[in-house]
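Reader: I am new to this structure and would like to learn how to read its features one at a time. Could you take me through them slowly?

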Amino acid sequence: MTTEGHICFAISSIILIKKIKLINFITSGDWWHVILGSLITCLLPDIDHPKSFIGKRFKWLSIPIYKLFGHRSFTHSLLLIIIIIIYVNIRKINISVDVIYAMIIGYISHIIADILTPAGIPLFWPYSKKFSIPIIKKSNVRLERLISIIIIIYAIQY
Ligand SMILES: [Zn+2]
């Protein structure tokens, strides 16, 4: 999925979650907090690739992660999401709770978006089987936008 696709998918996902009242902290959260929170992390899983949008900006981090785990591995796993959620709940982080949950949703939106590509992701890493629901063919920005618009329309109608 493209960088733009991930951004569109994160925004539409957070709008949907807020509108359907799925998570209290998001539902009661400030719109700017939740949208910006999701945007901060929606590209983060691709820190495992030095040529990704975020990987290019943080090469000092992306190169070692890429060499250790490869692309679409640890950073695209349920295990890391669980670690993040546990960490956030144990540690007192001086960030508004709606922003924290939006950041988690932004991260998860990336994982879900990558599942929609033919390459898929190893959701249960270190178990290597890749999960994929190949709706979006490689770099199909139009389809990525269309899916995001459909999600937003659904969220508004809800
Ligand atoms: Zn990715």
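**A helix and its core**

Author: Helices here are DSSP runs of H or I with at least four residues, numbered from the N terminus, and the expected span of a helix is 1.5 Å times one less than its number of residues. Helix α7, residues 97-115, has 19 residues and reaches 27 Å from its first C-alpha to its last, close to the 27 Å expected at 1.5 Å a residue. This is a predicted model, in which local features need pLDDT of at least 70, side-chain atom pairs count only at pLDDT 80 or more, and totals for chains, interfaces and linings use all residues. Residues are numbered from 1 along each chain as its sequence is written.

Reader: How many residues of α7 are buried?

Author: A residue is buried if 20 or more other C-beta atoms, placed from the backbone, lie within 10 Å of its own. In α7 this holds for 15 of the 19 residues, and the helix is mostly covered.

Reader: Which residues touch the most other members of the largest nonpolar core?

Author: A nonpolar core is a set of buried Ala, Val, Leu, Ile, Met, Phe, Trp, Tyr and Cys residues joined through C-beta atoms within 7 Å. The largest one has 24 residues, and among those touching the most other members are Ile 14, Ile 26 and Ala 102. Two or more residues come from each of α1 (3-19) and α7, with α7 giving the largest share, nine residues.

Reader: What is Ala 102 in contact with?

Author: Contact requires C-beta atoms, placed from the backbone, within 7 Å. Leaving aside neighbours within four places in sequence, the partners of Ala 102 include Ile 14, Ile 26, Gly 29 and His 33.

Definitions and conventions: A residue is buried if 20 or more other C-beta atoms lie within 10 Å of its own, exposed if 12 or fewer, and partly exposed in between; C-beta atoms are placed from the backbone. Two residues are in contact if their C-beta atoms, placed from the backbone, lie within 7 Å.
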